[in-house]
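Reader: I have a chain on screen and would like to learn how to read it. Please take me through the main features, one by one.

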Amino acid sequence: MTEKELVCVVCPMGCNITVTMEGSEILSVKGNTCPRGEAYARQECIMPMRILTSTVKIEGAVHRVLPVITDREIPLEKMEAAMKEVREVSVSAPVQVNDIIIENIADTGANLIASRSMDRI
C-alpha cells in the first residue's frame, strides 16, 4: 500500500490531498473539500494530464517564434513526443489565433493551435 500527497490545483483552495493506493488501484482519497478535488487526485494518480504550451518557429513575421497551446489536455507520458513534433515544425505568416499548427499532436487527439495572431512583415 502506498500513499501519494498532492496539492489540488483545480481551485484556489489548494487542498492537501492524500491518495492511498494498492498497486494501480485507488483505495481512498482524503483531504479534498470538493468533488473536483477528488476527481483531480484520481486522474493525477492514474493518468496525469497537462496542457502543452510552447512556441514554434515562424517565418516572415514580426517575431521569430509563435506561441502555441494544445486545445485540450494530453497525457503527461506523451509530452516528450509532442515536444519533439513542436521542435520540428515551422510555419509561415500570417497566422490567426486558434489556427491549427499540428493536428492530433503525438496521436493524442489534441490539436496544437496558435495562441495569438501574427501578421506577415
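**Reading the chain**

Author: Buried residues make up 38% of the 121 residues in the protein chain. Buried means under 20% relative accessible area, exposed means over 50%, and partly exposed lies in between (1.4 Å probe, protein chains only). This is a predicted model: local features need pLDDT of at least 70, side-chain atom pairs count only at pLDDT 80 or more, and totals for chains, interfaces and linings use all residues. Residues are numbered from 1 along each chain as its sequence is written, and side-chain values use heavy atoms, with hydrogens and water left out.

Reader: In what order do the strands of the open sheet come?

Author: Start with the general idea. Strands of a sheet pair through backbone hydrogen bonds, either parallel or antiparallel. Here two strands pair if DSSP finds at least two bridges between them. The open sheet has 5 strands in the order β8-β5-β6-β10-β9, with mixed pairing. At the edges are β8 (90–92) and β9 (100–102), each pairing on one side only. From one strand to the next, the twist averages 45°. Angles run from 0 to 180 degrees between N-to-C directions, and axes are lines fitted to C-alpha atoms, for helices over the stretch in contact.

Reader: How many bridges join β6 to β10?

Author: Strands β6 (residues 65–70) and β10 (residues 112–114) run antiparallel and are joined by 3 bridges. Ile69 stands opposite Ile113 in β10.

Reader: Which strands does helix α2 lie across?

Author: Contact means heavy atoms within 4.5 Å. Helix α2 (residues 79–88) lies across β5 (53–59), β8, β9 and β10. Its angle to β5 is about 20°.

Reader: How many salt bridges does a search of the whole structure find?

Author: A salt bridge is a side-chain nitrogen of Lys or Arg within 4 Å of a carboxyl oxygen of Asp or Glu. The search finds 3. In one, Arg42 joins Glu38, with the closest N and O atoms 3.0 Å apart. These two residues are 4 apart in helix α1 (residues 35–46), so about one helical turn separates them. Glu44 and Arg50 also meet, at 2.8 Å from N to O. Glu44 is buried at 16%, whereas Arg50 is partly exposed at 30%. Lys84 and Glu88 meet at 3.1 Å, N to O. Both lie in helix α2, 4 residues apart, about one turn. Lys84 is partly exposed at 48%; Glu88 is exposed at 55%.

Reader: Why is Cys8 too far from Cys11 for a bond?

Author: A disulfide is a pair of cysteine sulfur atoms within 2.5 Å. The sulfur of Cys8 is 5.8 Å from that of Cys11, its closest cysteine sulfur, and therefore too far for a bond. Cys15 is in no disulfide either, its nearest cysteine sulfur, in Cys11, being 5.8 Å away. Across the whole structure, the search finds 0 disulfides. Cys8 is buried at 7%, and Cys15 is buried at 10%.
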